[in-house]
Amino acid sequence: MTINNPPIYSHRRTGPPVTRLGRIGLRVGSAVLIIATLAIGTAFTSRQPGTEARERPFTVVGNVGKPVNARTFDMTVLSVRGAAIITDTNGPHDTSGVWIIVRVRLAARNAPTEVGYAVLVDAEGHTYRATGRIDQMLLGGRTLEPDIPVDGEVAFEVPVSVADDVSIRMAKDSDDQRMDAVAQSHLPITSAQVAEWHAATKPVTVASPAVSQ
Amino acid sequence: MPSSLNRLARKVPFRWFAGVVAVIGLGVSALFHGLAPVAAAQTPTVAPGKVIDAGPWKVTVVDTRLLSSSTGLKTTTDGDHWFAVVATVDDTTNDSREDMGDIVRLSHVAGLTAVAPQVILLASDATTLGYLNPGMPERVAFAWEQSSKVPLPTTAQIVIYGKTLRENSLDGTTDWLSPHVVADVTAPVLDKRT
């Protein structure tokens, strides 16, 4: 069988040479394609959830009196009380709002752990860290051992106007809760209790942690 | 027409085209004041007692004062004293903040042993302010240790810093970043060492 293809003398393109105007057109066309590709890519990525949403914590909500799983430990809210003034070895500490003192039971789940993050969150999403004005013996630095639950109190300052609708959140890491579990329980506080606590003049001492009996 | 364009394109180098486009762009920009001189940004001077909105916080400078170490704050060098800026600070964000050390700096005050305030105290009970809570303005003292070997100032220039809410280029989260000067406050220095 004979193939009658013409012999190949050159790999150069056939036809008339590309003019200067043609080369400019090719460059402009390339630029337009690149810009179009970038625009389409941007359109896709802008429709993806942002970093904040993608890496948000896994909030586990539970009721007062029930253990709530925070991955490395369980948090159980035991009770809540309040005050206008708290006291420690450095003397009394007043507040422009009201003190909310939450009694919790913390139990490491499988391995020794610490609890570094404790906030109250109000109905509008504002968060109030556990106060640094007194030593919070339950937070940051106390190691919880598995099967040895510890009870203790954590004190917060919040504005009086939000105190009757707050939840407590606790997590392992003090600064970064992204993609980690956060335990949350809504606190049973009434407006009447807030008014009573805000008007109280007797200083309250925040209880030190102790192994659960 | 294409052939005449081709001839023109063959004669004129590509860079000339770019130059012509740039000149046209400048001309259009000039039409819309693009070439007008821009005045240098002036930092506003605010009187003590006035509220300064600096983004994540609102600051109202009350006064500045000298405090002795007998107030309970120990200085690292005997004989030194504390230079304090007393201000009311309000957290305007949604969360408790612990970056209050970025709020205030002092300008033209000699003998300070640090740039940032070394201690931030609550005025009500002199406890160290760990967190500033949203919606709970607090009167605080930003304090620096000042050497006793420098002449005591009668006035002080206080520089108030703010931050900008923007996306963090490292991790993509949105946060208050990029500290920048928002206002200057000049206040008399009260000697409260006795």
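Trainee: Into which domains is chain A divided?

Mentor: This is a predicted model, and a domain is read as a range of residues along a chain. Chain A is split into domain 1, residues 17-48, and domain 2, residues 57-211.

Trainee: How many Å separate the centres of domain 1 and domain 2 of chain A?

Mentor: Taken over C-alpha atoms, the centres of these two domains of chain A are 57 Å apart.

Trainee: What are the domains of chain B?

Mentor: The assignment for chain B gives domain 1 as residues 2-31 and domain 2 as residues 45-191. The centres of domain 1 and domain 2 of chain B are separated by 57 Å, again over C-alpha atoms.

Trainee: What radius of gyration does chain A have?

Mentor: Set the value beside the one for a compact globule of 213 residues, which would be near 17 Å; chain A has 32 Å. The box filled by the C-alpha atoms of chain A, along the principal axes, is roughly 105 × 40 × 30 Å.

Trainee: What percentage of the residues of chain A count as buried?

Mentor: Burial is read from the number of other C-beta atoms within 10 Å of a residue's own, and 20 or more make it buried. In chain A, 29% of the 213 residues count as buried.

Trainee: How many helices and strands does chain A have?

Mentor: Chain A has three helices and 13 strands.

Trainee: In what order do the five strands of the open sheet in chain A stand?

Mentor: Read a sheet from one side to the other, neighbour by neighbour. In chain A the order is β2-β3-β6-β9-β13, with antiparallel pairing. At the edges are β2 (68-69) and β13 (210-211) of chain A, each of which pairs on one side only.

Trainee: How many bridges join strand β9 of chain A to β13(A)?

Mentor: Strand β9 of chain A, residues 150-158, is joined to β13(A) by two bridges, and the two run antiparallel. Opposite D151(A) stands A210(A), in β13(A).

Trainee: Which strands of chain A does helix α3 lie across?

Mentor: Helix α3 of chain A, residues 191-199, lies across β3 (73-83) and β6 (98-108) of that chain, and runs at about 60 degrees to β3(A).

Trainee: How many residues of chain B are in contact with chain A?

Mentor: Interface size is often quoted as the accessible area lost when the parts come together. Here the count is of residues: 22 of chain B are in contact with 21 of chain A. On the chain B side, helix α1 (residues 2-11) gives the most, with four residues. By class, that side of chain B has six nonpolar, eleven polar and five charged residues.

Terms used:
Residues numbered from 1 in each chain as written. Chains lettered and ligands numbered in written order. Predicted model: local features only at pLDDT ≥ 70, side-chain atom pairs only at ≥ 80, totals over all residues. Contact = placed C-beta atoms within 7 Å. Nonpolar A, V, L, I, M, F, W, Y, C, P; charged D, E, K, R; others polar. Rg over C-alpha atoms; globule rule 2.2 N^0.38 Å. Buried ≥ 20, exposed ≤ 12 C-beta atoms within 10 Å, placed from the backbone. Pairing = 2+ DSSP bridges. Axes fitted to C-alpha atoms, helices over the stretch in contact; angles between N-to-C directions.
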